[in-house]
Amino acid sequence: MLKIGKTEFDEIRGHGEEIYPHECCGVLLGQMREDERVVTSIARCGNTRTDSPQNRYHIDPRELVRIQRQGRERGEDIVGFYHSHPDHPARWSPTDLAEAHWLGCSYVITSVEKGKAVVTNSFELTGSDENDKKLADEKIEVV
């Protein structure tokens with residue numbers, strides 16, 4: 001399960017609306033507690049895709065390292081990632097699965113239709129390695 005504050009949840013959805021018609025992206029920071037990830041902050045990232053930013057995203061690895069370092073200084077770990085699907089459902093695509101590599105993390109997707117955030121879903125990347133990874137539906141609890 002993913003637990004996230006209303007402020008962070010609204011920030012993710014707002015980010016998708018701001019960046020529309022391109023995909024937004026970012027990092028979820030917090031703590032892993034038993035079988036849940038608790039989000040305590042988010043970090044917006046720039047979508048570095050230039051070939052198709054309306055339906056793909058990429059986070060610069062240097063930005064990701066900086067976010068991870070800053071999070072650790074505050075006692076936070078990377079617990080997931082988020083991005084938007086402009087004018088498409090809040091479901092993962094084969095590309096989303098292929099480009100997901102952080103096993104045990106949450107992948108949050110917000111559908112943004114005509115500039116308005118509509119549905120936000122979360123998926124946990126499960127499996128033991130790249131060969132058997134899967135994105136499984138995950139409950140979101142907004143607190």
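## Terms and model

A pocket, on a 1 Å grid over the protein atoms alone, is an open set of points where a 1.4 Å probe fits, with protein on both sides within 12 Å along at least five of seven lines, and its lining residues have an atom within 4 Å of a point.

This is a predicted model, where local features need pLDDT of at least 70, side-chain atom pairs count only at pLDDT 80 or more, and totals for chains, interfaces and linings use all residues. Residues are numbered from 1 along each chain as its sequence is written, and side-chain values use heavy atoms, leaving out hydrogens and water.

## The largest pocket

Let's start with the largest pocket, which has a volume (the space filled by probe spheres set on the points) of about 270 Å³. Its lining includes Tyr57, His58, Phe81, Trp102 and Tyr107. By type, that lining splits into 8 nonpolar, 2 polar and 1 charged. Here Ala, Val, Leu, Ile, Met, Phe, Trp, Tyr, Cys and Pro count as nonpolar, Asp, Glu, Lys and Arg as charged, and the others, Gly among them, as polar.

## The second largest pocket

Next up, the second largest pocket holds about 190 Å³ of space. It's lined by 16 residues, with Glu23, Asn55, Arg56, His85 and Ser93 lying nearest its centre.
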